[in-house]
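Welcome, and thank you for opening the viewer. Let us walk through this model together, one selection at a time.

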Amino acid sequence: MKLNYVDGRYSPSFFNMTLMTDERVETAIERYSETFIHEFIHYLQDLILPYNIRLNMGLMRQFLNVRRCALEGIERPFDRWGVDERLLRLQFDYTIGKNKREEDYVLHVRKMEDAVAVYEEAGGYDEIFTGRERNFRIFAYNIKVNDMRTSYNLGARDLLEYIAYKIGKRHYPLARELPQLPYMSVDLLFEHYGLSSVPEDVRVCVAEACLYNDNPMRLLLFQFLEKEEMKRMLCHMSYDEIYRFLLSMEFRTTDGVGEAVRHKTYRKLKQFETDLNVGYFYFEGIRNWITEVSDFAKSELTDRFIFSDMYRMSDEEFSRTVSAVISRIGFPLVMNRKRECVTILSGGQNSASGFVQFYVMQEFMGYITGTGEKRCPVYGFCRANWGSSSDGCDCGVKLKRIDNKDCPYAEFLKAYGLENRV
């Protein structure tokens, strides 16, 4: 039996997924379960992994920077970032890996060269997260594949996609084969560095542990794949031994800052809850959801490698786990290609809700940093879900009916004092 399949996309930091079909969203979720689960794994990664949480908090800080600058008006493309915001954007660009078009992904890797590091010095104060002066050397890693004909930028995206792909493949064995880069980057790297005997469940666990670091790919290469002592450990220790070792080990940054997995998880979750609550202070439904997510993550998802656990679960246990998570915290926004949306609330309810503000925030940030469309950034979304729009929404971003209570973009601008600033 061949599974039904469509492409999907998850938007990091904005908690929404898109299933690339014109079918009703509820129908698509049921019909394309493999795609839904893959994007659902990315959603959980956003809520629990320290690397993702740092990106989420960085986005909130960038938005606060925009609000500070808005007193003088916002000109597009917006580029008036403070020192901290520039550092965060630089860290993201270097550590996430390049976002290639699907046709640029490598379907089959015949040969891989060693990863080559490139870096940029970025000293100064990391005021956002530590309040102390730190010297940053931000690394990115490039590899040449297939007789040097293709250059590929490795990054955290490779680890995130690898984990989601392996969990999906484990529980949907007839799933469609995807390009080796980025979905199988970890397997290719393990084999290239002489670790082909390391079991797949150990590889998934190592990939997850690396995402507790601010530069996951650097940690994978430097700490695991290029370190002889660690390579011997990976080859000879059992999965359970590796699991316990990774939970207890301390990861140190290049400037000497160290932190154990457990402590880092609790600290990041606390910061995550605080920053998101500040960022979405004006939207009560979102604030309630943030509190519920934080409580759930602390009680059910910490002191463990949840994605490694999900990989090793039986199909029945995996299905129960996904259902339990959805029942507890839901999924803020699921859309189809036409941008019709539903919110999966706790208890299994489907309806539009205040979570549309996640999408509004996403489109607003894209709008102010871009140079293209001048129309209201959520015009198409409103047309798809409510079938009508306010006067002027299709001809300019400055709303002519700012008092329209049914306009989510007007609600967003007024909540943050941005009306007539954009």
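This is a predicted model: local features need pLDDT of at least 70, side-chain atom pairs count only at pLDDT 80 or more; totals for chains, interfaces and linings use all residues.

**The whole chain**

Start with everything in view. The secondary structure comes to 18 helices and ten strands. The protein has 422 residues, and 55% of them count as buried. It exposes about 19000 Å², of which carbon and sulfur atoms supply 46%. Now think about how the chain meets itself: among contacts between residues at least 6 apart in sequence, 68% join residues at least 24 apart.

**Stop one: a hairpin**

Select residues 8–11, which form strand E1, and residues 16–19, which form strand E2. The two strands run antiparallel, and four bridges join them. Click on Tyr10 and look across to E2: its bridge partner there is Met17.

The hairpin has four residues between its strands, and Ser13 takes a phi near 75°. Ser13 has this positive phi although it is not a glycine. Is Ser13 buried or exposed? Its relative accessibility is 10%, so Ser13 counts as buried, the cut-off for buried being under 20%.

**Stop two: another positive phi**

Jump along to Asp303, which lies in the loop between helix H13 (284–301) and helix H14 (306–312). Asp303 is not a glycine, yet its phi is positive, at about 55°. With 38% relative accessibility, Asp303 counts as partly exposed.

**Stop three: H13 against H15**

To see the contact, show the side chains of Trp289, Glu292, Val293, Asp295, Phe296, Ser299 and Glu300 in H13, which meet Val325, Arg328 and Ile329 in H15. Coloured by type, the residues of this contact divide into five nonpolar, one polar and four charged.

**Stop four: two cis peptide bonds**

Select Arg76 and Pro77. The peptide bond from Arg76 to Pro77 is cis, with omega near -10°. Pro77 sits in the loop between H3 and helix H4 (83–95).

Then go to Leu181 and Pro182, where the peptide bond is also cis. Here omega is near 15°. Where is Pro182 placed? Pro182 belongs to helix H6, residues 180–183.

**Stop five: H7 and its neighbour**

Select helix H7 (residues 185–192) and helix H8 (residues 200–210). They pack at an angle of about 110°, with their axes 11 Å apart. That angle makes H7 roughly perpendicular to H8. On the H7 side, the contact is made by Val186, Asp187, Phe190 and Glu191, while H8 brings Glu200, Arg203, Val206 and Ala207. These residues divide into four nonpolar, no polar and four charged.

Stay with H7 and pick Leu189, which is found in this helix. Leu189 counts as buried because its relative accessibility is 1%. Which residues does Leu189 touch, leaving aside those up to four places away in sequence? Show Met112, Leu154, Met217, Leu220, Leu221 and Leu225 around Leu189.

**Last stop: H18**

Finish with helix H18, residues 408–415. Six of its eight residues are buried, so H18 is largely enclosed by the rest of the structure. Colour the buried ones to pick them out: Pro408, Tyr409, Ala410, Phe412, Leu413 and Ala415. What covers these buried residues? Among the cover are helix H3 (50–69), helix H16 (356–369) and helix H17 (379–386). Finally, step just past H18 to Gly417, which takes a positive phi of about 65°.

Definitions and conventions. Residues are numbered from 1 along each chain as its sequence is written. Side-chain values use heavy atoms; hydrogens and water are left out. Two strands pair if DSSP finds at least two bridges between them. Buried means under 20% relative accessible area, exposed over 50%, partly exposed in between (1.4 Å probe, protein chains only). Contact means heavy atoms within 4.5 Å. Axes are lines fitted to C-alpha atoms, for helices over the stretch in contact, and angles run from 0 to 180 degrees between N-to-C directions. Angles under 35 degrees count as roughly parallel, over 145 as roughly antiparallel, 65 to 115 as roughly perpendicular and the rest as oblique. Ala, Val, Leu, Ile, Met, Phe, Trp, Tyr, Cys and Pro count as nonpolar, Asp, Glu, Lys and Arg as charged, and the others, Gly among them, as polar. Accessible areas come from the Shrake-Rupley method with a 1.4 Å probe; for residues, only the protein chains shown count as cover.
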